[in-house]
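Please read the following report alongside the sequence and the three-dimensional structure.

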Amino acid sequence: MSNEHSMRRVTAIRNGTVIDHIPSGQAMRVLEMLGIGGETSVPVSLVMNVPSKKMGSKDIIKVEDRELTQGELDRLALVAPDAHVAIIRAYSVAEKLTINLGEEVVNVVRCTFSNCITTNLREPQAHRLRVIERDPLELRCHYCGRPQDLGELSNNVL
Amino acid sequence: MEVSIVAGLITMDDLTNEQILEILSDAERLLPVARGELYLPLLKGRILGNLFFEPSTRTRMSFETAMKRLGGDVVNLGDVKTSSVVKGETLFDTIQMVDGYTDIIAMRHPRQGAAQYAQDAARVPILNGGDGAGHHPTQTMLDLFTIQQAHGRLDGLKVVLAGDLRYGRTVHSLSHALVRFGCDLIFASPDLLRMPEEIVSDLRAHGANVHETEDLYGSMAEADVVYMTRIQKERFADEDEYARCAGAYKLHVRHLEDVKQDMIVMHPLPRVDEIDPTVDKTRHARYFEQAFNGVVARMALLCRLLGVTVPADVSAEGGAL
């Protein structure tokens, strides 16, 4: 099944953001990380486990009337660093955004270790997680050195 | 001789193996000063800020003794309950203040990562005296000094670390350092208190030969060092569980019959009942010397972090008290 066919499973959107090439089964985590949930008033379409030439299978999310910000892209990098993000305006791709997972993730999420010094949110220095491995993703806190619980990260978005 | 710069000591990764050996050599030469046999005010005019946000006896006192033996001065945070911390001051603000008052800071904090956080906020060097269950590198330096004193080397030794390996920060820092010198490690602990998985995998990733067991006594025959630790009651929610683990190891003189002649028993102290007093008088017991070595190791570290060279011939430079 072609990529084009996968995209047509949901209607083309007029304005908004398409997040393609999300690892299969990760779409819900992407939504969590972006804070897109039941309270979101804009329409959100989601397809999961559709065939993909490049990835075998993948998830796709379309968010209408909302363009992802740089901060949201940084969060997306933690769950789907190789996803493709396109901003749609008047049914056309107006912009392709690049997700950049650098060597360090600064002020995006806070450390998941409950006894880390950064759990005191009044402490003013930056929250810093070092990228140890990209695939599979392994993050460690710059301060306490503890490996991060990736399943918990979406609860620690700053 | 110019000494290589060490900006702060948060984990043992802040020191190269060469720097570790140089600092241990400095410590060796400073022994007469630590014993009070010689006066050598290498740090005269310098001020150490002692910031202990949780209780400490040996670490705090040995830092203070080390600074004073070298002619320096010490200011203390004092009791946390009466300091500005209780008013809600952040660690960042406390460090900004003390940074202006002192030339170097020694700190202990209950939160993991606090020392690195302080170093990022400070102009002066930070010496990590323990951060939560994280690192305790100055303890590691005195442990390495004690091992080198006994065996004349650090490389290729067989070291048994026993007791609370899960929460004991001393064994976390020490394991990393020993592996860098090619030591074989045996971790002996009750199942509940095993060395954290991420540390074991880190050590193995560095090529370490690590073996885990619950059988301490059966692991000692080939050991060069047996490093005992206290099982910390305060870490357990369940009293019964604590009682089961606490009784796991009680090293007695009868366990030492088949060990190597030059094997040493170490302990960061305080001990509860994991080493029976019958061991104290044996040739193997080194824990009280180890505690004394805290002064001399910290003297050498203070000099290094303040960029002060320890003279090659200390007795020629020092004077009578």
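This is a predicted model: local features need pLDDT of at least 70, side-chain atom pairs count only at pLDDT 80 or more; totals for chains, interfaces and linings use all residues.

Residues are numbered from 1 along each chain as its sequence is written, and chains are lettered from A and ligands numbered from 1 in the order in which they are written.

The domain bounds, which come from an automatic or database domain assignment, are tabulated here.

| Domain of chain B | Residues |
|---|---|
| domain 1 | 12-136 + 291-317 |
| domain 2 | 137-290 |

Taken over C-alpha atoms, the centres of domain 1 and domain 2 of chain B are 25 Å apart. Their contact (C-beta atoms, placed from the backbone, within 7 Å) takes 22 residues from domain 1 of chain B and 24 residues from domain 2 of chain B. On the side of domain 1 of chain B that touches domain 2 of chain B, helix 1 (17-29), strand 4 (126-131) and helix 10 (287-305) of chain B each supply at least two residues, with helices (H or I, at least four residues) and strands (E, at least two) being DSSP runs numbered from the N terminus. Helix 10 of chain B gives the largest share of that side, seven residues.

The axes of helix 1 and helix 10 of chain B, lines fitted to C-alpha atoms over the stretch in contact, with angles from 0 to 180 degrees between N-to-C directions, come within 8 Å and cross at roughly 120°. Residues of helix 1 of chain B that meet helix 10 of chain B are Ile23(B), Asp26(B) and Ala27(B).

Terms used:
Two residues are in contact if their C-beta atoms, placed from the backbone, lie within 7 Å.
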